[in-house]
Amino acid sequence: MTLEAALGQVLSGISLGMVWFLIAAGLSIIFGTLKILNLAHGSIYMLGGFLCYQVTSAFSHVPGVFWLALLVAPLVTALVGGCIEILLLRRIYGLDMIYQYLLTFGLILIVGEVCKILWGAGYNTVAVPWPLNGTVNLFALSFPKYNLFLIGMGVLVFVGLRVLIGATSLGAVVRAVTHNREIAGALGINVPGVYTGVFMLGCWLAGLAGTLTPPMSVVALGADLSVIIDCFIIVVIGGLGSISGAFLGSIILGLTTAFGLYIIPKLAVAFGFILMIIVLIIRPRGLMGVSD
Amino acid sequence: MRSLVKTVIVLGLGFVLAGIPCANPAPAASKEKPIKIGFIHTMSGAMSMYGTSSEAGAKIAVEEINAAGGVLGRELKLITRDDKLSAETGLREAKDLVLTEEVDFLTGTISSAVALAISSYVEKEKKIFIVNVSQSSQITEEKWNPYVFRINTNAVPYWGYAPAIALGKTWKPKKIISLGFDYECGKNSLAAFKEKYLELVPDAQIIDELWAPLGTTDFTAHITKIANSGAEALFLACVYGGGEIAFTKQAFAFGLYDKMKMIQPCAGDVETWSDVKQGDPYPKGALATCRYPFWAIDNPKSKAFVEEHKKMVGFWPSYGAMNEYVAIYALKKAIEKVGAVDTEKLIKTLAGIELDTFVGPVMLRAYDHQAMMPNWYGIIEFTPDLPFPHITNPQIIGEEGYHTIEQIENLRK
Amino acid sequence: MAEIRAKPTWLHAPAIRSILISIGFASLIALPALIGKSWLNITIEILIMALAACSLNLMLGYTGLVSFGPAGLYAVGAYTTAILLARFKMNIVPAMIAAPIMAAIVGWAVGWVCVRRTKVYFALLTLAFSQIIWTIIFEWYAVTGGDNGIISIPTPEFFFSIVNSYYFCLAVVGCCIFTLWRIVNSPFGRTLQAIRENPGRVEFIGVNLKRYQLAAFILSSTFLGIAGSLYCVFSDSAFPDFAHWTKSTDMLVVCLLGGLYRFSGPLVGSAIYTILAKTLSKHTMHWNLILGVAIVLLVLLMRNGVMGFLSERLSRKKQARPCA
């Protein structure tokens, strides 16, 4: 393998990983604080994609419409998330895991069908926004600017979340509630409010990811199911509830996928699951433990 | 309050369950019994575009025929079912259509697994099944039975022989790398392409074969490997639909379309690029095959069909829509020739029948019940006169794209 | 929290029970004379799903082990029979007997790993293994037919008649469900329920938790294998989607719909779910939406399923409600 080829795979691996991280970050936060395995996370991501498409096509004459979509779509998905949390999830906290699993599975069906009714069954595209089209030449390797932007966004989201949760007073409240819900409530923290806020943040992140990926991909039905399993794998490998873990896990999975193409292409499909099982057996709390 | 709600729910459930056997009203005694056609396709999820489009094609044909008096005085009735891209569901719907709805014919399917399952079933039930999109060559070759007919071109010409022949007539690259979806269709397409191309250009090499799991939408890692491979040309094996759009965008962003010769079968099918506008990424300069180049077909019936389809579902017709249209008219022709809906006689009539298509008469080969539908090829450009990227200067590859009867005989042994 | 068993009512009186059960048996046996071919088809599907759901419920409702991957074992059973019949042209009897054996072996291997962990990790492990089984089936084209599955499986002439298939299914499913009923009402079964209620205490009194959980897993896998094998013979085919996680959710929904904490729950749930799925999906293109809403309502309002609801209504005294 030449140096150029290796560099190419490193960059593409990190790019793959960052896209996965953007999608999985929200799921990780939701599980960390609310202890809910939100199967519908992929559906919110898909909804974000459709909303991005809706904004960019409805206002296509507006210059910089993509950035408008980037602002609007995640806000809408956050609102949708808020409604879901208040109307549905509040009633099932503390119940057996199977009820959460089935309720969020029901949501997958509902959101998927609503997307089909609103936007139809075809493929929808979103253009790469100016000024991010074109490639950048790194050591005789050309890499698309937009992928570098995605890598940057992944890092930005990671740092932003770490700062938010780790260094702000709001973050302290979230950490308190994550650590011990009862005592936090006894101290006067509005625990239901924090739960709603965190869920909305998770959905906002899903919507953000859903808006960021269409320019280099496609908006279509079926994304909800295909994405959610990958998210689970990353969140498990990184450690349920750990953002740093999800970040690290995404990069590891991205790099192994990219280099796996050279080494053992046959195993590519099952690799994520095998890694997930190994982590769950050897170190179930994942790479970086339960809480950040 | 809660228990009241629960009671209502359970009672409601009870009524619905009790009412179901009574739900089907008795047929109108005065009219002649309609000829029922069971239509099974993927109407939800990732591939639903083809299902919706094919249904539109079928509906257009059915409406036209009924408006002109039906077939032998009887109305055609289309009953649509969703197979959810699952062979289990598709088979179940087929059974229900045959046993409960008592359909006279079955048609449809995009998934080859569904098509194979249904074709095995119709052999037992002795009903004709006409395939309009499913690609696997096994349907009309190894796993064929006389009750199965196929209108659409199959994976061998479309993904294999036709691109190979086209490539042999144009660029003739010596070092090719391939990327495909990792499933039966992908593997068989590459095998067919290799077989034909190496026959035409013996000193060529497929230097590497890359595979991505079915449904992948992020090909970044594959593209970097391809860019560094030293190949002159890239062949895409069975990468279509959403995955193809994603691949095109990513490859375009990497500048692959300028660096390498791209052989992208299926890029010529416009239904994928319906949404692409000038300035968006598209398979620039790629050698592509196409199954229904409606913009280049100067046939008033075809043009009317395109308009009607767009009105019905809001996007350009897929070849699946055209094939369903042809299939329904083929049934009409055969039934009128035989004079009755008699499956065994219809099979004999359909085998070898001349199909009326938008590109003139096409034979439905008697040996394997495969219609010799042509494949077109050309270089993709996005010229300003049309609102979508398309193949320019389309050339036809006809029967020579298909497996010969001898080849099929050998496979069936 | 499980619901406390209802106080005996007139419905539970032994005489009434025997009469009801006899009527039930009689109608099941007379069914082919009463309903048409397509409804008979549906009934066979109900029976097979009922067996699968009952097997799952042994783990889920009785032992408290939430598995997201029953479909994997179901598919192992189906493919074992399919491969033996189609590729090795074996006789149907050993081909069908091999299915639960193979499922039990795979269940033992998978279960041994999974019970090392609890709760959500256990569930995620079952999901991962189920998807690996799916991947193996999907990729191993030479043996399993890959994404095309195995079709036109040669079955004996006996099964060409739907009435014969029905009676065969009825017999097999009947025996299996009876066996499960005996298991659940045995000391072993009571221990499983105790493990569900309070694993710590059960360990304290000297019971080897992991061994019981693994046993439940293996038993559950065995009967899932039988269900898979039956479906393979009934439909003359086997497809990779038999192992997909969405098929597992179907089984989970059936258990929830009928009621997790009653033996009859999965049976009733299977009947309702199958009939609704087959009939409603014919009349609407939005079946997914209806199903999704139904599941949400079920989880929010009727957590103990139809049977749980019915027994609440029919018992004389008010019962302790599960924790809201």
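In chain B, strand S1 (residues 35–41) and strand S3 (residues 105–108) are paired in the parallel sense, joined by four bridges. Within this pair, B:Ile37 has B:Phe105 of S3(B) opposite to it. Two strands are taken as paired when DSSP finds at least two bridges between them; helices (H or I, at least four residues) and strands (E, at least two) are DSSP runs numbered from the N terminus.

The model is predicted, and for that reason local features need pLDDT of at least 70 and side-chain atom pairs count only at pLDDT 80 or more, whereas totals for chains, interfaces and linings use all residues. Residues are numbered from 1 along each chain as its sequence is written, while chains are lettered from A and ligands numbered from 1 in the order in which they are written.

The S1–S3 pair belongs to an open sheet of five strands in chain B, with the order S2-S1-S3-S4-S5 and parallel pairing. Strand S2 (76–82) and strand S5 (148–150) of chain B each have a single partner strand and stand at the edges, so one side of each is left without a neighbour in the sheet. From one strand to the next, the twist averages 25 degrees. Helix H2 (residues 48–67) of chain B packs on this sheet, where it touches S1, S2 and S3 of chain B, and its direction makes about 170 degrees with that of S2(B). H4(B) lies across S1, S3, strand S4 (128–131) and S5 of chain B, at about 160 degrees to S4(B). For these angles, axes are lines fitted to C-alpha atoms, for helices over the stretch in contact, and the angles run from 0 to 180 degrees between N-to-C directions. Contact between two residues requires their C-beta atoms, placed from the backbone, to lie within 7 Å.

B:Glu102 lies in the loop between H3 and S3 of chain B, and its phi is positive, about 55 degrees, although the residue is not a glycine. B:Thr109 is in the loop between S3 and H4 of chain B; this residue, also other than glycine, has a positive phi near 70 degrees. B:Thr109, with 33 other C-beta atoms within 10 Å, is buried. The classes follow from the number of other C-beta atoms, placed from the backbone, within 10 Å of the residue's own: buried at 20 or more, exposed at 12 or fewer, and partly exposed in between.

The domain assignment of chain B gives domain 1 as 35–153 + 298–363 and domain 2 as 156–290 + 375–412; such bounds come from an automatic or database domain assignment. Over C-alpha atoms, the centres of the two domains of chain B are 27 Å apart. At their boundary, 15 residues of domain 1 of chain B are in contact with 17 residues of domain 2 of chain B. The domain 1 side comprises six nonpolar, seven polar and two charged residues. In this classification Ala, Val, Leu, Ile, Met, Phe, Trp, Tyr, Cys and Pro are nonpolar, Asp, Glu, Lys and Arg are charged, and the others, Gly among them, are polar.

Chain B in total has 13 helices and 14 strands. Its radius of gyration is 23 Å, close to the 22 Å of the globule rule for 413 residues, so chain B is as compact as a globular protein of that length. That radius is taken over C-alpha atoms, and the rule is 2.2 Å times the number of residues to the power 0.38. Of the 413 residues in chain B, 58% are buried. Among contacts in chain B with a separation of 6 or more, 71% are between residues 24 or more positions apart.

Chain B places 27 residues in contact with 25 residues of chain C. On the chain B side, helix H1 (2–19), helix H3 (87–99) and helix H4 (112–125) are the elements giving two or more residues, and H1(B) gives the most, with seven residues. This side divides into 14 nonpolar, six polar and seven charged residues.
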